[in-house]
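Hello,

Here is the structure for your files. My notes on it follow below.

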Amino acid sequence: MPKLQQYVSQEASRGRVLNSSRVSPQGVDVSGLARGVTDVANTYTALAQAQEREAEKLKLDEARIGVERTMSEGAALWTERMANAQTKAPKDAAGFTDGLLRDFDAWSIEQAGANQDPNGKKLLESNLTKMRQHIHAEAFKFEITQRKTALVDNYSQGVNDELSAVLVDPSQWAGAVARKRGLAQSLDLAPGIREKLERDAVERLSAAAGEGILKQPGRAQAILDLTGASSPKGRKGREGATTPDAAERVASNPILSSMTPQALQGLIDKASGLVAQQ
């Protein structure tokens, strides 16, 4: 018997009858549409992420530019303030570093408070710390230089104070020289500066002691005899004594041997003048 083909009736408005073998038991295949929707979503997400990364980079660049401008303006400002502060500082620049850093810290707090961007704020604070370190180093170097200069001046003033006593009483020469030598050697100064201070102090005190001795009765002729300047062959002091004995006497005299050649010759000239007036 011939096999009859089966039909499934549909309630479509047009009354068409479909072959049941052509209809999937699982309904319409929409996998392609789903993949398309997913691809679109992924594309949008990737685009959004790329835009977000670009925006973040731009924000960071903007923060860096803003910080750089602040630091450039700050460098100019504090270079000027440093120069002004140095000009107005006292001779020994006492408290110079602490005062300048207090002003800088106040300015730094103001700048950091004005920057509300998290990236910029962190970067600014890092740069301000570096600037503070630089300002601290420069301020400290200036203060130390000024204080050491004042130290040298004060030492020299102390020698001046000793000169008056030695001029009146030459017997105080040894004690004054010992004090100034010990003080100069104990100072935290470069070796060359310490040596110069000590040498200058001894030479000045020796010249004053020589002047004091010259004022004592009868000592003018003694000085001429000691230095060999009473000889008609010349009066050249310790560097040009007229006899080996005179040169040896000058070298063995602690006061005369500590004087500069110019000071010793000046003392001999004064002694000669006093002897000539007698």
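A definition first: helices (H or I, at least four residues) are DSSP runs, numbered from the N terminus. Axes are lines fitted to C-alpha atoms, for helices over the stretch in contact, and angles run from 0 to 180 degrees between N-to-C directions.

This is a predicted model, where local features need pLDDT of at least 70, side-chain atom pairs count only at pLDDT 80 or more, and totals for chains, interfaces and linings use all residues. Residues are numbered from 1 along each chain as its sequence is written, and side-chain values use heavy atoms, without hydrogens and water.

Confidence: pLDDT is the predictor's confidence in each residue, from 0 to 100. The protein chain has a mean of 83, and 80% of its residues reach 70 or more. Residues 4–13 fall below 50. So do residues 15–21.

Helix packing: the axes of helix 3 (residues 118–168) and helix 5 (residues 191–214) come within 9 Å. They cross at roughly 20°. That makes the two helices roughly parallel (angles under 35 degrees). Residues of helix 3 in contact (heavy atoms within 4.5 Å) with helix 5 include Val152, Tyr155 and Leu163. On the helix 5 side, Ile193, Leu197 and Arg204 are among them.

Aromatics: the structure holds four aromatic pairs (ring centres within 6.5 Å). One is Phe96 with Phe142, at 4.7 Å centre to centre and 55° between the planes. Phe96 lies in helix 2 (residues 96–114) and Phe142 in helix 3, so the pair ties together parts 46 residues apart in sequence.

Best wishes

Conventions:
Angles under 35 degrees count as roughly parallel, over 145 as roughly antiparallel, 65 to 115 as roughly perpendicular and the rest as oblique. Rings of Phe, Tyr and Trp (its six-membered ring) pair if their centres lie within 6.5 Å; planes under 30 degrees apart count as stacked, over 60 as edge-to-face and the rest as tilted.
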